Amino acid sequence: MNAPDLSPAAFADGDSHYLRAITDMADRRTVVTQEALYTDRGIKLVDKGARVDSRLYDRLVKHKLRGSIDEHLAMDDMVSVQSIVQLAASQCEHDTLAYLLVHTLEGMTAEKLLAPVRALLLPPSLAFKLTVMREQHPALFEHSVRMMLAAVYLGIKSGWSDRECVPLATAALLHDIGVLHMDPVWHDPANKMTAVGRQQLMAHPITAMLIIRGQNMFPRVVEQAVLEHHECMDGSGYPRGLQGDQISLMGQILMVAEVVAAFFEKYANEAAAQRLSLTLRLNHRKFPAALIACLLPVLQIRAVQTDVQVTPADVERLIEQLSTAFGDWDTRRAGLSPEAAESEACAFVEQRLSALQKTLFEAGSHPQQQAEALQYLQGDEQGLAELALLGREALWQLQGIVDATHSRWLTLEHSPQAGDQAVVQWRDACAVRLAQR
């Protein structure tokens, strides 16, 4: 993987999306300039005390501003440490994940999770950015708070003091501020991710890290952890493809907390605890063992187990999809010359699929094993449910391999190499089948 661009220009193109979010918000909420806005050449664009709205967007987007726009704007009821604590406390009472975390801590008190949150430092520019997130992308804001609580929980379980958990809470709260600079179509579930969209997705940890670095007030470990929150222990993450101890301890906590929060959000009514438990066990090479050991007992609590309705026919379809994907690649790979099979993309798919199949075999959930197990699970609802969840997780990982070929090689379909064309044909066929799930 190429080294990511960590210069300020790396996220400049996303300023237009962020400006649009600000001005759209300003049509509903009163946003004013605290001081005049100037271009980087000293030309005044907007007077101090002026009301901002969407009519200002075209003027702002044409110019590079002097300083960050967040430093120049203000509004009533901005996000504050107090409002973050209030939302976190509410989640501890009413949110399934946060409630679980509180009640598996010694003493079972929310204050253990909230104490580091109360000590957060939140400069006005970041408070404004979080306000834009709350107003324009409320689900993302709630995710950031939920993920922050999960991170603090893992910090406490790892023996960190309240003081050590403060920068951890900061990094978790701010980990997704780079998403504000992405094209807003990212949150539309009907939107099909494009190559440019995948680039923005892979760049958002870099964007967030640069924004935090620009504050000149947070420890370097906060920047580093935010940059690493989508890395994986086996090197399959992004943006730098780090492995093992190359990822900081705080980065490892954020990595796991992100997955935990995302599962309870995505599968809120679809066996989130069982799915997450299976995912963590299936992907033991991706996540730090010590942190996973902290979580697995939480996920086994019967109160959060959900009945999964599944039929043998559902499991058969999952087995067929996986078998077809693996067999299709084997056929295309066998038709290549040794030289063609050495293309970077071809070698990547071969390595990732081999790793996935090995993991499935180790878990007893490879399609060959599932087909055999299915014969003995007729009438066993719990066994069928686990088999289905394992299959769905494997398909999710298969989708990740397909997506990675798009984001790593943006113009692969134009390559004349036979190995690259085999990858394109395989991934396109996979995408069609996966869309039919």
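A: Buried means under 20% relative accessible area, exposed means over 50%, and partly exposed is whatever falls in between. Keep that handy, and remember that we're looking at a predicted model.

Q: Okay, let me try it on a residue. Is glutamate 223 buried or exposed?

A: Glutamate 223 has a relative accessible area of 7%, so it is buried. Arginine 213 comes out at 31%, so it counts as partly exposed.

Q: You put those two side by side. What does glutamate 223 form with arginine 213?

A: Here's the general idea: side chains of opposite charge can pair when their charged atoms come close. In this structure, glutamate 223 and arginine 213 form a salt bridge, with 2.9 Å between the closest N and O atoms. Glutamate 223 sits in helix α10 (residues 220–227) and arginine 213 in helix α9 (residues 195–213), so the pair ties together parts that are ten residues apart in sequence.

Q: How many salt bridges does the count come to?

A: The count comes to 18 salt bridges. Arg28, Arg29, Asp77, Arg134 and Glu135 are joined in a network of them.

Q: Which residue forms a salt bridge with arginine 55?

A: That would be aspartate 53, and the closest N and O atoms of the pair are 2.7 Å apart. Look at the accessibilities too: arginine 55 is exposed at 72%, whereas aspartate 53 is buried at 14%.

Q: Let's move on to helices. How far does helix α15 reach from its first C-alpha to its last?

A: To read a helix like this, compare its reach with what you'd expect at 1.5 Å a residue. Helix α15 (residues 344–362) has 19 residues and reaches 27 Å, close to the expected 27 Å.

Q: Which residues in α15 are buried?

A: The buried ones are Ala345, Cys346, Phe348, Val349, Arg352, Leu353, Leu356, Gln357, Thr359 and Leu360. They cover an arc of only 165° around the axis, so they lie on the same side of α15.

Q: How do I describe two helices that pack together?

A: Two packed helices are described by the angle between their axes and the distance between the axes. Take helix α14 (residues 312–334) and α15: their axes cross at roughly 140° and come within 11 Å. That makes α14 oblique to α15. The crossing of α14 past α15 is left-handed.

Q: At what angle do helix α7 and helix α13 pack?

A: Helix α7 (residues 138–157) and helix α13 (residues 289–299) pack at about 110°, and their axes are 10 Å apart. Angles of 65 to 115 degrees count as roughly perpendicular, and therefore α7 and α13 are roughly perpendicular to each other. As for handedness, α7 passes α13 in a right-handed crossing.

Q: Can we zoom in on one residue? Where is cysteine 294 found?

A: Cysteine 294 is in helix α13, and its relative accessibility of 18% means that it counts as buried.

Q: How far apart in space are cysteine 294 and leucine 154?

A: From C-alpha to C-alpha they are 7.2 Å apart, although cysteine 294 and leucine 154 are 140 residues apart in sequence.

Note on methods. Residues are numbered from 1 along each chain as its sequence is written. This is a predicted model: local features need pLDDT of at least 70, side-chain atom pairs count only at pLDDT 80 or more; totals for chains, interfaces and linings use all residues. Side-chain values use heavy atoms; hydrogens and water are left out. A salt bridge is a side-chain nitrogen of Lys or Arg within 4 Å of a carboxyl oxygen of Asp or Glu. Buried means under 20% relative accessible area, exposed over 50%, partly exposed in between (1.4 Å probe, protein chains only). Helices (H or I, at least four residues) and strands (E, at least two) are DSSP runs, numbered from the N terminus. The expected span of a helix is 1.5 Å times one less than its number of residues. The arc is that of the directions from the helix axis to the C-beta atoms. Axes are lines fitted to C-alpha atoms, for helices over the stretch in contact, and angles run from 0 to 180 degrees between N-to-C directions. Angles under 35 degrees count as roughly parallel, over 145 as roughly antiparallel, 65 to 115 as roughly perpendicular and the rest as oblique. A crossing is left-handed if the near helix is turned anticlockwise from the far one by less than a right angle, and right-handed if clockwise.
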